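Student: I would like to go through the terms used for this model and see what each rests on. Can we start with the helices?

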Amino acid sequence: MRILRAGCTALLAAAFAATGTAARAGGFGSIEARDARGGGFELVALESDVEYAIGGLVAEARIRQRFVNRSDGWIDATYVLPLPEGAAVHDLELHVGHRTIVGEIREKEQARSEFVEAAASGRRASLVEASNAQLFRTAVANIGPGETIEVDLRWWQPIAYRDDRFALTLPLTYTPRFDPGTAAGDGAAGHANRDDVHSAGAPKVRVDVTLDAGVALARIDSPTHSLAVAGSGSRRRVTFADGAVPADRDFVLEWTPVLGAAPASSVLVEHWNGHAYALAMLMPPAQLPDPLPRELILVIDTSGSMEGGSIEQARAALDLALNSLRPGDRFNVIQFNSVVEPLFDAAVDATPADVRLAREWIAGLRAEGGTEMVSALQRALAGPASPGHVRQVVFATDGAVNDADGLYRTIDDGLGASRLFMVGIGSAPNAHFIERAATQGRGSSVVVRRLDEVGERMRELFAKLDRPALRDLALAWPGSADGYPRQLPDLYAGEPLIAVARLDDVRGTLQANGATRDASWSATLRLDRASPASGIARLWAQRKADELQRELERGGDADAARAAIVQLALEHHIVTPYTSLIAVERTPTPPADADVTSVRIANGVPEGSVGFASTATPATLEALLGLLLLVVATAFAFADRSPRPFPRREYA
């Protein structure tokens with residue numbers, strides 16, 4: 001009797017250990033397995049195609065992943081899929097030959113149970129569930145010998161706008177997360193230091209973007225990939241110049257309006273299921289006061305996951321930060337890995353001698369050890385600012401940490417009058433953590449993916465440090481609106497506030513209020529003049545689910561929060577921590593006595609990174625054993641809707 005495999009990488013690794021079969025990744029996503037006699041054979045090759053349709057501030061996306069079984073046996077496979085910050089994952093299809101199986105949203109436990117039952121009974125199935133921090137685990141059961149199965153996943157995501165340019169970000173791999181409780185490799189991350197899963201290359205990916213910017217464009221390019229661009233005016237089609245590329249870094253697409261065509265404050269509206277859903281963008285005022293003296297606390301992550309290009313980028317970023325100090329400013333520098341080490345006991349005046357000492361100290365820092373980020377944050381936020389100074393904490397990290405909730409609580413408890421500015425480092429930083437930490441820290445964030453863009457990105461950050469635009473922001477939607485985010489950040493020069501709300505109707509106005517350093521500020525947007533758009537309802541649902549999850553993390557009623565998130569997810573058909581997408585065929589395919597081997601497809605190692613074993617960790621042993629026992633028990637028991645441009649397919 002075969003052991004059933006659930007859609008969990010840690011569980012699959014355990015299954016390999018139990019059956020005496022080890023697997024490792026070959027070139028660019030192919031999997032090589034070794035049987036009990038030591039013989040090797042290729043099992044799976046994975047390719048991915050991503051399509052985007054972008055309209056203004058909203059994008060619809062689809063990723064199609066092909067799993068090819070090159071062995072002569074039946075297999076199950078899993079893959080950890082990173083998706084963009086704020087993505088609302090809503091549809092799943094499983095394609096087998098000419099057949100299409102459409103996925104449905106279920107509560108997570110029910111979806112897992114259905115997947116395990118389908119796998120045990122020999123039916124093809126696919127499961128997509130949220131892991132953490134925008135990581136989604138895809139599992140596919142019962143891939144036949146020589147067979148290709150295609151998994152089609154769809155989501156909506158917001159488009160970023162800041163510093164006079166729009167940006168779309170698609171993570172193609174990710175940096176493993178560090179858990180201070182252990183020092184082993186992260187089984188869920190796909191970068192574990194193990195014999196059974198090892199990436200010798202990265203899966204291949206193609207990207208095809210249809211862009212309708214709504215404004216004439218002066219420039220469209222990517223800081224991460226070479227592009228082939230067709231079209232003119234506001235409409236473009238974008239692909240990779242090299243066709244399929246290794247999935248070893250984030251893909252970033254940027255487009256800049258022609259001079260004078262930059263967007264002003266605006267509102268988009270979608271009508272769905274009896275409600276109006278609005279997305280508003282508010283721009284800060286252009287005229288800003290002179291900057292105040294700063295107390296600049298620079299924090300650099302020197303943990304093992306930063307080894308390679310990441311630590312070089314971080315050193316260069318902090319060197320530029322030191323160079324930005326003016327007479328009258330104060331500063332300190334803190335490095336952290338397994339320990340926290342400040343350069344000075346407290347902030348000091350930015351004298352030429354002390355700035356020179358700090359630059360020499362930073363130049364000598366090396367990446368090693370764990371990621372004790374909580375202690376570093378506590379040290380950086382401790383104490384009041386020097387009188388007459390604005391206290392700004394600049395935190396450079398790849399975000400490779402599992403206990404994000406504890407870090408968010410640290411920010412809430414210790415922020416005070418400080419402002420936290422996050423600098424994401426590396427080719428695949430933890431964008432979810434970096435963005436949310438900056439928002440809760442009432443600061444801003446930038447991402448530095450390559451050494452040659454440190455100067456540009458850091459100059460953008462320094463412009464914000466010098467020019468705070470709006471504080472004490474408040475939004476007043478009309479009627480009984482339900483709007484997010486609830487906690488509004490400070491705004492800085494060149495970046496807007498983007499908020500979403502569910503409305504009873506679109507009559508009335510959205511009123512915004514705030515303050516500069518010297519005066520109050522207000523703006524009004526008429527909702528009846530909003531432009532129509534798709535996807536806003538699901539983006540609102542995702543924002544609301546995220547807010548409910550934050551309330552739970554802050555000590556809210558767990559049962560009430562879970563019930564509210566599940567109801568919201570079922571209504572809007574989205575994946576959350578408590579709901580998953582499950583697609584199952586109706587009839588079994590493999591013979592009842594067929595053995596099924598489970599394999600895990602490793603993600604590509606982020607470009608420029610060197611080592612992960614010292615800073616990435618597996619799922620806890622208790623969770624692994626619990627899942628394994630659940631699946632073994634189940635094994636014994638079984639032994640005796642989508643808008644254009646992607647038309648929804650029906651059952652075949």
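Student: What makes the crossing of α3 and α8 left-handed or right-handed?

Tutor: A crossing is left-handed if the near helix is turned anticlockwise from the far one by less than a right angle, and right-handed if clockwise. The crossing of α3 and α8 is right-handed. The model is predicted: local features need pLDDT of at least 70 and side-chain atom pairs 80 or more, while totals for chains, interfaces and linings use all residues. Residues are numbered from 1 along each chain as its sequence is written, and side-chain values use heavy atoms, with hydrogens and water left out.

Student: Why are α3 and α8 called oblique to each other?

Tutor: Helix α3 (residues 309–323) and helix α8 (residues 454–466) have axes that cross at roughly 45° and come within 10 Å. Axes are lines fitted to C-alpha atoms, for helices over the stretch in contact, and angles run from 0 to 180 degrees between N-to-C directions. Angles under 35 degrees count as roughly parallel, over 145 as roughly antiparallel, 65 to 115 as roughly perpendicular and the rest as oblique. The pair α3 and α8 is therefore oblique. Helices here are DSSP runs of H or I with at least four residues, strands are runs of E with at least two, and both are numbered from the N terminus.

Student: Which residues make the contact between α3 and α8?

Tutor: From α3 they are Gln 313, Ala 316, Ala 317, Leu 320 and Ala 321, and from α8 they are Val 454, Gly 455, Met 458 and Phe 462. Contact means heavy atoms within 4.5 Å.

Student: What makes polar contacts with the side chain of Asp 301?

Tutor: The side chain of Ser 303 does, at 2.7 Å, and so does the side chain of Thr 397, at 2.7 Å. A polar contact is a pair of N or O atoms within 3.5 Å; within protein, one must be able to donate a hydrogen and the other to accept it, and residues adjacent in sequence count only if both atoms are side-chain atoms.

Student: How do you know whether Leu 420 is buried or exposed?

Tutor: The relative accessible area of Leu 420 is 0%, so Leu 420 is buried. Leu 420 lies in strand β28 (residues 419–425). Ser 444 is 24 residues from Leu 420 in sequence, and their C-alpha atoms are 7.2 Å apart in space.

Student: Which members of the largest nonpolar core touch the most other members?

Tutor: Among its 80 residues they are Tyr 52, Ile 54, Leu 153, Trp 155, Val 209, Phe 251 and Trp 255. Helix α9 (residues 536–553) gives the largest share of this core, eight residues. A nonpolar core is a set of buried Ala, Val, Leu, Ile, Met, Phe, Trp, Tyr and Cys residues joined through side-chain atoms within 4.5 Å.

Student: What is the peptide bond from Tyr 484 to Pro 485, cis or trans?

Tutor: The bond is cis, with omega near 5°. Pro 485 is in the loop between β31 (482–484) and β32 (491–492).

Definitions and conventions
Buried means under 20% relative accessible area, exposed over 50%, partly exposed in between (1.4 Å probe, protein chains only).
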